[in-house]
Amino acid sequence: MRKLTIFSFLSLFLLVNICFILYIKKTTREIQSLDSTITPTTIIDNVNSLNSNVDKTDNTHQIIEPSEINKSLYHNNNNNENNNLNNNNLNENNFCNCIENGGKTILLFNKHYQITLQNAKKGGPFGELAVYLSVLKGLQYIYNNQNFNQNFKNKICHLDISYSESELKEKTLINLQNKIKKCTLQQLQKSNLSEQNIYHLLFIETYSFQDLLNNIFNIKDNSHIWHDHFSKFKCRYRILDFWGTPESQNHEKLNLKQYLIPYPNKYNQFIGYIVDKCFENENLFFYKKNLNKLNLENYFVENYFIEDKNLNKNLENKKLEFLIWGKELKYFHNQKVINFLKNLNSKFNNEITIYATVKDNLDHLPFIKNLGVLNKENWLKSLQKAHFVIGLGDPVIGPTAFDAISCGAIFLNPIFDQPRTLYGMNKELTLSNQHPYAEEFIGLPYVIPFRFEMNSLDEIFFSSFRNSGNDDEEKKKKAVLKEVLEGKRKLKGLILEDYTLGGVVKRLLGEVLPMSERICGK
């Protein structure tokens with residue numbers, strides 16, 4: 001009987017231990033899955049990354065799951081409703097209560113939107129527009145999803161979007177002034193607003209800002225309003241600045257953090273922009289959390305290739321496809337570029353297809369198939385099929401490099417003979433290649449630096465591996481690239497977490513909105 005009791009005790013003890021071990025393993029898997037999920041895990045960073053003025057004991061900085069942010073954009077990617085506010089007017093009581101408790105009234109102004117949009121559709125630059133649209137979507141998301149944001153100081157009580165001076169003066173300003181008039185004096189005093197100073201923050205793209213400074217708002221009796229406003233409340237302006245502004249070019253004496261930029265530097269406020277998801281199937285792409293070079297050390301090489309049967313069926317027995325980045329004919333008249341493209345086609349024994357998207361004819365390069373300027377949908381479809389995207393050296397640091405990589409296309413990144421300084425834009429911004437941010441944030445095998453003078457395929461595609469410093473890492477990245485070149489396989493898309501809607505919203509909530517009081521000295 002005693003032996004039976006001991007046996008029963010040991011059996012129970014063993015069972016408890018097995019259950020405990022299983023529980024630990026389950027918990028570990030859950031933690032690892034959270035840690036390895038390459039989608040944004042929060043909208044607001046941990047407390048240490050928030051502005052020092054934000055109350056660190058505030059429990060309202062709750063964690064937001066990634067699906068709540070990125071799916072709200074991607075599932076409505078081409079939906080016009082995504083550019084509309086759900087409800088631009090809180091009722092009077094809610095609005096006055098919102099601003100009294102520290103909520104924001106915000107204006108987003110872009111006089112050049114239609115011109116820039118039309119130029120982009122015809123092949124013009126898209127970078128400035130990408131930043132503007134991303135901030136627009138970020139602000140709209142915060143406004144339309146107030147429930148997740150319980151911190152009043154980060155709430156948006158009123159959001160105006162205006163595209164012309166006449167609309168702004170004759171309608172937009174008047175509507176908000178009428179709302180503010182209905183708030184009590186005590187509420188207005190706490191909100192730091194008045195009938196003449198109705199916005200806490202004014203987001204303005206660079207060209208509209210220059211127009212403002214050049215008296216674009218000089219309309220009869222109202223001419224003094226904007227000039228007085230800027231001189232008294234310049235701390236409330238946020239400039240959407242694609243190139244960045246160093247202190248030496250900060251002629252308006254703004255706080256340098258008032259300039260919102262697409263790529264981080266040492267002096268301005270990094271805001272980023274939204275890179276469109278190329279594939280709806282989440283098995284065809286992955287997110288990368290940080291802005292360091294890609295590390296394959298903990299991954300199998302096979303994990304980086306698309307295995308979707310339908311997609312592979314379209315790629316089977318096909319040539320390698322190269323797509324050239326550059327919509328203007330002037331980029332194709334550089335003799336080094338011409339020689340490189342001819343050499344590339346020749347070295348592959350004409351077993352590749354090279355596409356361009358130029359609005360003019362490319363008669364001097366007859367082996368290139370010119371698709372003409374493509375709309376956004378067809379451009380993404382071309383990137384989905386392309387194995388490589390070739391940079392021609394210009395335009396520099398545009399969104400195309402990240403777009404290509406999000407579609408699983410390897411970006412061939414030209415190295416400049418001499419570092420290039422953009423004196424007309426930002427004289428402290430010096431570039432050693434066409435897109436140094438793609439090289440720095442992602443690197444091999446998705447970004448391959450090369451020179452137009454390189455002749456052999458080995459030199460073009462593999463010379464950059466020689467100084468990697470990590471043999472195992474180098475072998476894996478080489479193996480990935482060889483699979484693409486020899487097996488004509490397609491890489492999975494890669495999207496940087498900082499370049500999603502979640503990333504933009506995170507910086508708006510965690511940095512831009514909380515920092516407004518500090519910049520204005522309140």
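Mentor: Let us start with the word contact, which means heavy atoms within 4.5 Å. Among contacts in the protein chain between residues at least 6 apart in sequence, 72% join residues at least 24 apart. Please keep in mind throughout that this is a predicted model.

Trainee: What does the protein chain consist of, in helices, strands and buried residues?

Mentor: The protein chain has 17 helices and 15 strands, and of its 522 residues, 51% are buried.

Trainee: Why is Ile 519 called buried?

Mentor: The relative accessible area of Ile 519 is 16%, and buried means under 20%, so Ile 519 counts as buried. This residue belongs to helix α17, which covers residues 501-519.

Trainee: Which residues touch Ile 519, once its neighbours within four places in sequence are left aside?

Mentor: Ile 519 is then in contact with Cys 235, Arg 238, Asn 255, Lys 257 and Gln 258. With Cys 235, the separation in sequence is 284 residues, while the C-alpha to C-alpha distance in space is 6.2 Å.

Trainee: What makes Asn 192 partly exposed?

Mentor: The relative accessibility of Asn 192 is 36%, and the term covers values between the 20% limit for buried and the 50% limit for exposed, so Asn 192 is partly exposed. Asn 192 sits in the loop between α7 (185-191) and β3 (201-205), and its phi is near 60 degrees, a positive value in a residue other than glycine.

Trainee: How do you know which class Lys 488 falls into, buried, exposed or partly exposed?

Mentor: The reasoning uses those limits again: the relative accessible area of Lys 488 is 32%, which lies between 20% and 50%, so Lys 488 is partly exposed. Its phi is positive too, near 55 degrees, in a residue other than glycine, and Lys 488 is found in the loop between α16 (471-487) and β15.

Trainee: How do you know that the buried residues of α4 line one face of the helix?

Mentor: In helix α4, residues 113-121, the buried residues are Tyr 113, Thr 116, Leu 117 and Ala 120. Seen down the axis of α4, these residues fall within an arc of 100 degrees, so they line one face of the helix. What they pack against is α5.

Trainee: Why are the buried residues of α12 placed on the same side of that helix?

Mentor: Helix α12 spans residues 376-385, and its buried residues are Trp 379, Leu 380, Ser 382 and Leu 383. They cover an arc of only 155 degrees around the axis, which puts them on the same side of α12. The buried residues of α12 pack against β8 (320-325), β11 (388-391) and α13.

Trainee: What makes a set of residues a nonpolar core, and how many residues does the largest one have?

Mentor: The members must be buried residues of the listed nonpolar kinds, joined through side-chain atoms within 4.5 Å. The largest nonpolar core has 117 residues, and those with the most contacts inside it are Phe 203, Phe 322 and Phe 461. Helix α5, residues 127-144, gives the largest share of this core, eleven residues. A second, separate core has 27 residues, among them Leu 173, Leu 188, Tyr 237 and Leu 256.

Trainee: Which residues line the largest cavity, and how are they divided by class?

Mentor: The lining consists of Val 275, Phe 402, Ile 405, Ser 406, Ile 442, Leu 494, Ile 495, Leu 496 and Tyr 499. The elements that give two or more residues to this lining are α13 (400-406) and β15 (493-496). By class, eight of the lining residues are nonpolar, one is polar and none is charged. The volume of the largest cavity is about 40 Å³, and a search of the whole structure finds two cavities of 30 Å³ or more.

Notes: Residues numbered from 1 in each chain as written. Predicted model: local features only at pLDDT ≥ 70, side-chain atom pairs only at ≥ 80, totals over all residues. Heavy atoms only, no water. 1 Å grid on protein atoms, 1.4 Å probe; cavity = no way out; pocket = protein on both sides within 12 Å on 5 of 7 lines; lining within 4 Å. Points joined across faces, edges and corners; volume = space filled by probe spheres on them. Helix = DSSP H or I, 4+ residues; strand = E, 2+ residues; numbered from the N terminus. Nonpolar A, V, L, I, M, F, W, Y, C, P; charged D, E, K, R; others polar. Buried < 20%, exposed > 50% of the residue type's maximum accessible area, 1.4 Å probe, protein only. Arc of directions from axis to C-beta.
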